[in-house]
Amino acid sequence: MSYKVIPFTLGMLGNNVYVVQKENNCVVIDPTFDSENTVDKFIRNNGLHLEAVLLTHGHFDHCGGAGDFQKQGVPVFCNEADDSMCRSASANRWNIKCHDVVPDRHYIEGENIAGDFRFDVMFVPGHTKGGVCLIFDDLLFSGDTLFHGTVGRTDLPGGDYSEMLRSLKRISLLPDNLIVYPGHSDYGMLLGDEKRANPYLNRL
Ligand SMILES: [Zn+2]
């Protein structure tokens with residue numbers, strides 16, 4: 001069964017929010033603040049059933065809209081190590097209005113199940129302690145760990161550059177044919193191209 005990805009770029013920090021659809025079911029990855037009137041509307045207008053909200057990490061710009069979906073009874077998944085960030089999303093240093101969220105479920109490394117969706121989770125600390133990559137077949141949702149031509153910051157709370165390098169090394173061992181969907185900026189790159197051209201990957 002193949003997946004369809006519907007990308008949205010939202011909010012003042014240009015967050016990529018992804019709806020991953022399989023038949024009439026879907027999950028939302030990293031609903032930022034401002035997701036309600038666009039992502040939620042898209043899901044309703046297309047008659048999709050939202051099975052879960054999946055967070056790549058706990059920064060407020062990735063989890064700030066999760067509470068709106070949780071209110072509708074949708075479970076929110078996050079890595080346990082980023083729980084406290086999710087719980088204090090509203091206290092962000094930009095003073096951007098968003099909701100705190102208490103995750104319902106924690107990932108395990110390896111295969112995870114959310115409703116009808118089976119996906120792999122790789123723990124990739126470095127940008128935050130609880131950062132993860134989410135892999136659905138040949139789709140790699142890389143959060144703020146891997147971007148087109150660069151990688152995520154490690155100077156924010158929870159960041160660690162040597163952990164980031166170890167995580168990038170693990171990502172570089174994944175197959176070349178994965179299509180990369182980062183948390184900001186460009187998406188749809190082949191992981192193989194990033195391994196060749198991204199200066200943080202091609203020197204590992
Ligand atoms: Zn982040």
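**Figure 1. Helix H5 and its two faces in the predicted model.** In this predicted model, the exposed residues Ser162 and Lys169 lie on the face of helix H5 that is turned away from the buried side of the helix. The buried residues of H5 are Met164, Ser167, Leu168 and Ile171. Viewed down the axis of H5, its buried residues fall within an arc of 105°, so they line one face of the helix. An α-helix has 3.6 residues a turn, so residues three or four places apart point the same way. The buried residues of H5 pack against strand S9 (132–136), strand S11 (146–147) and strand S12 (150–151). Helix H5 comprises residues 161–172, and at 1.5 Å a residue its 12 residues should span 16 Å; the end C-alpha atoms are 16 Å apart, which agrees.

**Figure 2. The open sheet from S1 to S6.** Six strands form an open sheet in the order S1-S2-S3-S4-S5-S6, with mixed pairing. Strand S1 (4–10) and strand S6 (105–106) are the edge strands, each pairing on one side only. Strands of a sheet pair through backbone hydrogen bonds, either parallel or antiparallel. S1 and S2 are antiparallel and share 7 bridges; Phe8 has Val17 in S2 as its bridge partner.

**Figure 3. Strand S3 and its two neighbours.** Strand S3 (residues 25–29) is mostly covered, with 4 of its 5 residues buried. Towards strand S2 (residues 15–22), the pairing is antiparallel over 5 bridges, and Tyr18 stands opposite Ile29 in S3. The hairpin of S2 and S3 has 2 residues between the strands, and Glu23 takes a positive phi near 50° in this hairpin. With strand S4 (residues 49–54), S3 pairs in the parallel sense over 5 bridges; Val28 stands opposite Val53 in S4. The chain passes from S3 through helix H1 (residues 36–45) to S4, and this β-α-β crossover is right-handed.

**Figure 4. Two aspartates with positive phi.** Most residues other than glycine have a negative phi, and most peptide bonds are trans. Asp30 has a positive phi, near 60°, and lies in the loop between S3 and H1. Asp137 also has a positive phi, near 50°, and lies in the loop between S9 and S10. Is each of these residues buried or partly exposed? Asp30 counts as buried because 29 C-beta neighbours lie inside 10 Å, and 20 or more are required for that class. Asp137 has 13 other C-beta atoms within 10 Å and is therefore partly exposed.

**Figure 5. The open sheet from S7 to S14.** A further open sheet is formed by 6 strands in the order S7-S8-S9-S10-S13-S14, and its pairing is mixed. Strand S7 (110–114) and strand S14 (189–190) stand at the edges, each with a single partner strand, so one side of each is left without a neighbour in the sheet.

**Figure 6. Strand S13 between S10 and S14.** Which strands pair with S13 in the parallel and in the antiparallel sense? Strand S10 (residues 139–143) pairs with S13 in the parallel sense over 4 bridges, and Leu139 stands opposite Ile179 in S13. On the S14 side, strand S13 (residues 179–182) runs antiparallel to its partner, and 2 bridges join them. Ile179 stands opposite Leu190 in S14, while Val180 stands opposite Met189 in S14. S13 and S14 form a hairpin with 6 residues between them, and Ser185 in the turn has a positive phi of about 65°.

**Figure 7. The largest nonpolar core and the surroundings of Leu134.** In soluble globular proteins, nonpolar side chains tend to be buried together. The largest nonpolar core of this model has 51 residues. Which residues have the most contacts inside it? They are Val28, Ile29, Val53, Leu54, Leu55, Phe77 and Leu134. Leaving aside residues up to four places away in sequence, Leu134 touches Ile29, Leu54, Thr56, Phe119, Val121 and Phe141.

Technical notes: Residues numbered from 1 in each chain as written. Predicted model: local features only at pLDDT ≥ 70, side-chain atom pairs only at ≥ 80, totals over all residues. Buried ≥ 20, exposed ≤ 12 C-beta atoms within 10 Å, placed from the backbone. Pairing = 2+ DSSP bridges. Right-handed = clockwise from strand over helix to strand, strands pointing away. Expected span 1.5 Å × (residues − 1). Arc of directions from axis to C-beta. Contact = placed C-beta atoms within 7 Å. Core = buried A, V, L, I, M, F, W, Y, C linked by C-beta atoms within 7 Å.
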